[in-house]
Amino acid sequence: MGICNFKPGTVVLSKAGRDGGKLMAVLEESGGFVTVADGKERPIERPKRKNPKHLQKTDFTVDLQELTNKKLKSALREISKHDIAEESDKACLKKMSSK
């Protein structure tokens, strides 16, 4: 597990790999890895398995019920308009300092 727990539906920012800097949604967490999708390069049918330490958690979530690639792309596009990097760093730092 990484620094922050990743629940299904959590929007994350990829920090490493060829998809670095892209927003993705967590589909599931198991076996110490997280599967993520963005609806375009990584559709829901073919999610990417990522190490949690290569992901940065954000304060945003998406509803996984009846989720399609088109809806996921649209939701991530809207979220990308916000300044998410600073908000998510503060959230993880607060969680780490409270333990």
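User: Which residues are buried in helix α1 (residues 69-79)?

Analyst: This is a predicted model, in which local features need pLDDT of at least 70, side-chain atom pairs count only at pLDDT 80 or more, and totals for chains, interfaces and linings use all residues. Residues are numbered from 1 along each chain as its sequence is written, and side-chain values use heavy atoms, without hydrogens and water. Helices (H or I, at least four residues) and strands (E, at least two) are DSSP runs, numbered from the N terminus. Buried means under 20% relative accessible area, exposed over 50%, and partly exposed in between (1.4 Å probe, protein chains only). In α1, the buried residues are N69, L72, L76 and I79. They lie on the same side of α1 because their arc around the axis is only 90°, taken from the directions from the helix axis to the C-beta atoms.

User: Where is A37, and why does A37 count as buried?

Analyst: A37 belongs to strand β3 (residues 33-37). A37 counts as buried because its relative accessibility is 0%.

User: What is A37 in contact with, leaving aside neighbours within four places in sequence?

Analyst: Contact means heavy atoms within 4.5 Å. On that basis, the partners of A37 are M24, A25, L27, R42, P43, I44, L72 and L76. Between A37 and L72 there are 35 residues in sequence, yet 8.4 Å in space, C-alpha to C-alpha.

User: Which charged end sits over the ring of F33?

Analyst: A charge sits over a ring if NZ of Lys or CZ of Arg is within 6 Å of the ring centre and within 35 degrees of the ring normal. Here the charged end is that of R49, 3.9 Å from the centre of the F33 ring.
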